[in-house]
Amino acid sequence: MKRKLFLKSLLNFRNISIPALLAVGTIVGQEQLAGILPAIDGMVLPAGIGASVVIYTALVLQKLNSQAFYDKVSAEEKRKQLKALNQKCIQLAYEAKRHVNSAYYARLKKTMDQKNDILNSYLDGEKGYLKGKIVEQTFNLLLIYLKLLINFSKRSKEVSSIDITTIANRVNANNRKLSFNANTNIAEDIRRAIEMDEKMIERIKNERLELEKISAKLDYMESMVAMYRQQIISSLESEEMLERIETAINEADALDTVLDERQKRRFKA
């Protein structure tokens, strides 16, 4: 932020224009004085340029020490940051549309509409530090929500495509075969098949439970966005809101990491 403040101050129109006008005036004045007072001809331009540099430096330092200038630059940077986060949300939302079912699509659309209300409320209303930080973190929450929704939708389709009943029927059939088979080698092969199928059934059940937890987390995150939308629009921001958003981001990020790692392991396998 300090670097941006310094650059903004260096390139500020007022800071540049006043010394520039003085320098131009010096050059014009030197030409006029050259014929009248030739003795001071060589002194006018260096003195004028020196004065311009001093004035420019003073104006830059004045801007750097100005709270109003700091607030203005901070507000500009926050707007740019929020618009960048908004674009990331829009891009992820387009990707999410390709994977979600109709029920989650309706929920996604509602959440994105709430995101628009939050952004417009900040851009069109008062821009305090706490409000800007809460809007920023709400957008970060949305980014994690969208990533989690995409991974959740992908894995839900994969898990739902597995017919656990067929596997359970195969286990039952193999158990019946095992009770009537006296051949030791064949019986051992059947036991291995039963063990593999039972592990698969257990794994699928565990994944379904995990997906239920993630679905509940998505519900919670949607509720948070809806609640914060109302509070941001009503200018009811608080430090507690910020803490709750950060906690939700960390929890959702951990769930998304788990899903992402599982997806990578499946691809490698």
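This is a predicted model: local features need pLDDT of at least 70, side-chain atom pairs count only at pLDDT 80 or more; totals for chains, interfaces and linings use all residues.
The fold is helical from end to end in its element list: the chain has nine helices and zero strands, so that the order from the N terminus reads α-α-α-α-α-α-α-α-α. Of the 269 residues in the chain, 35% are buried.

Running over residues 184-233, helix 8 has 50 residues and spans 73 Å between its first and last C-alpha, which is close to the 74 Å expected at 1.5 Å a residue. Just past the end of helix 8 sits Ser235, with a positive phi of about 55 degrees.

Two of the helix pairs described here involve helix 8. One partner is helix 7, residues 164-180, whose axis comes within 9 Å of that of helix 8 at a crossing angle of roughly 155 degrees. Angles over 145 degrees count as roughly antiparallel, and helix 7 and helix 8 are therefore roughly antiparallel to each other. Their crossing is left-handed. On the helix 7 side, the residues that meet helix 8 include Ile164, Ile167, Ala168, Val171 and Leu178, along with Arg170 and Lys177. Helix 8 answers with residues such as Ile190, Ile194, Met200, Ile201 and Ile204, and also with Arg191, Asp197, Glu198, Lys205 and Arg208, among others. Sorted by class, this contact comes to twelve nonpolar, two polar and seven charged residues.

The other partner is helix 5, residues 102-124, which packs on helix 8 at an angle of about 30 degrees with the axes 9 Å apart. With angles under 35 degrees counted as roughly parallel, helix 5 and helix 8 are therefore roughly parallel to each other. Helix 5 also passes helix 8 in a left-handed crossing. Helix 5 brings Tyr104, Arg107, Thr111, Gln114, Asp117, Ile118 and Ser121 to this contact. From helix 8 come Ser215, Leu218, Asp219, Glu222, Val225, Ala226, Arg229, Ile232 and Ile233. The class count here is seven nonpolar, four polar and five charged residues.

Helix 5 packs against helix 6 as well. The two axes come within 11 Å and cross at roughly 165 degrees, which makes helix 5 roughly antiparallel to helix 6. Once again the crossing is left-handed. By class, the contact of helix 5 with helix 6 has 13 nonpolar, four polar and three charged residues.

Asn151 lies in helix 6, residues 129-160, and counts as buried at 12% relative accessibility. Leaving aside residues up to four places away in sequence, Asn151 touches Asp256, Leu259 and Asp260. Lys133, also placed in helix 6, has 22% relative accessibility and so counts as partly exposed. Lys133 and Leu242 are 109 residues apart in sequence, yet their C-alpha atoms are 7.7 Å apart in space.

Note on methods. Residues are numbered from 1 along each chain as its sequence is written. Side-chain values use heavy atoms; hydrogens and water are left out. Axes are lines fitted to C-alpha atoms, for helices over the stretch in contact, and angles run from 0 to 180 degrees between N-to-C directions. Helices (H or I, at least four residues) and strands (E, at least two) are DSSP runs, numbered from the N terminus. Angles under 35 degrees count as roughly parallel, over 145 as roughly antiparallel, 65 to 115 as roughly perpendicular and the rest as oblique. A crossing is left-handed if the near helix is turned anticlockwise from the far one by less than a right angle, and right-handed if clockwise. Contact means heavy atoms within 4.5 Å. Ala, Val, Leu, Ile, Met, Phe, Trp, Tyr, Cys and Pro count as nonpolar, Asp, Glu, Lys and Arg as charged, and the others, Gly among them, as polar. The expected span of a helix is 1.5 Å times one less than its number of residues. Buried means under 20% relative accessible area, exposed over 50%, partly exposed in between (1.4 Å probe, protein chains only).
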